[in-house]
Amino acid sequence: MSQSILSVRHLGKTVLDSSGELEILRDISFEIPQGQSCAIVGASGSGKSTLLALLAGLDTPSRGQVRLAGTDLFNLNEDDRARLRARHVGFVFQNFQLLPHYTALENVMMPLELAGQRDARDRARQMLEHVGLGQRLSHLPRLLSGGEQQRVALARAFVTRPQLLLADEPTGSLDHATGQAVADLMFKLNQESGTTLVLVTHDMGLARRCNKILTLHAGALVEQTLAHHLAQEAVQAG
């Protein structure tokens, strides 16, 4: 049995608004083994993005526990959580989050340089060549297409060889064909690196490519499905 890279126990998040307490997440529990892929799906407002932020330790829960690589995130202070993220976690966002005044190469070098890697330039160049952007090293983000920008973001996320990659709507701002190509690349890189992938998506086609699907409804985890079961059901229905 694979060891869990991510273990979530009775996670909840409550905030105060003008009408009183608002429960965003309630009693969420699941585990994701090392090297697996998991999609988090649900309607807008179901708590997907809040859950992803908690898994990263970017937000704090009202109750419950998240263990990342065996460490309880919320027994750490903010600085220690940031160090744990830097060692173990990569991120991909819907809007790319590239630094606009840095070239593609400099964007991919940045996490390596922050980690004190002396071969940052060579590793970043190799990674950009691997994602098909060897001819775009010196381009600023504004000179790249949306698909190319997301390839840079994927290169930046994977170049540190993270144990866990968190992706928030990674194809959400791309047209269908470009989104498919980016998804293909993301799963290819994930398989090559043995990284655990957790992605938030509205695209059930993308979700079904993962090993597991977590469905949220009104802040509750209402279903955990092994994706190949859904694929079998779709074939039978067809």
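I'm calling a residue buried when its relative accessible area is under 20%, exposed when over 50%, and partly exposed in between (1.4 Å probe, protein chains only). Helices (H or I, at least four residues) and strands (E, at least two) are DSSP runs, numbered from the N terminus.

**Ground rules.** This is a predicted model, so I kept to pLDDT of at least 70 for local features and 80 or more for side-chain atom pairs, while totals for chains, interfaces and linings use all residues. Residues are numbered from 1 along each chain as its sequence is written, and side-chain values use heavy atoms, with hydrogens and water left out.

**Helix 4, buried side.** I looked up which residues of helix 4 are buried, and got Ala-120, Arg-123, Ala-124, Met-127 and Leu-128. Down the helix axis they fall within an arc of 135°, so they line one face; the arc is taken over directions from the axis to the C-beta atoms. The buried residues of helix 4 pack against helix 3, helix 5 (146–158) and helix 6 (176–193).

**Helix 3 against helix 4.** The axes of helix 3 (residues 104–114) and helix 4 (residues 120–130) come within 8 Å and cross at roughly 125°. That makes helix 3 oblique to helix 4. My cut-offs are under 35 degrees for roughly parallel, over 145 for roughly antiparallel, 65 to 115 for roughly perpendicular, and oblique for the rest. Axes are lines fitted to C-alpha atoms, for helices over the stretch in contact, with angles from 0 to 180 degrees between N-to-C directions.

For contacts (heavy atoms within 4.5 Å), the helix 3 side includes Leu-105, Val-108 and Leu-112, and the helix 4 side includes Arg-121, Ala-124 and Leu-128. The residues of this contact split into eight nonpolar, no polar and four charged. Nonpolar means Ala, Val, Leu, Ile, Met, Phe, Trp, Tyr, Cys and Pro, charged means Asp, Glu, Lys and Arg, and the others, Gly among them, are polar.

**Positive phi.** Most residues other than glycine have a negative phi, so I checked the exceptions. Phe-96 has phi near 75°, sits in the loop between strand 6 (89–93) and helix 3, and is buried at 10% relative accessible area. His-10 has phi near 50°, lies in strand 1 (residues 4–17), and is partly exposed at 48%.
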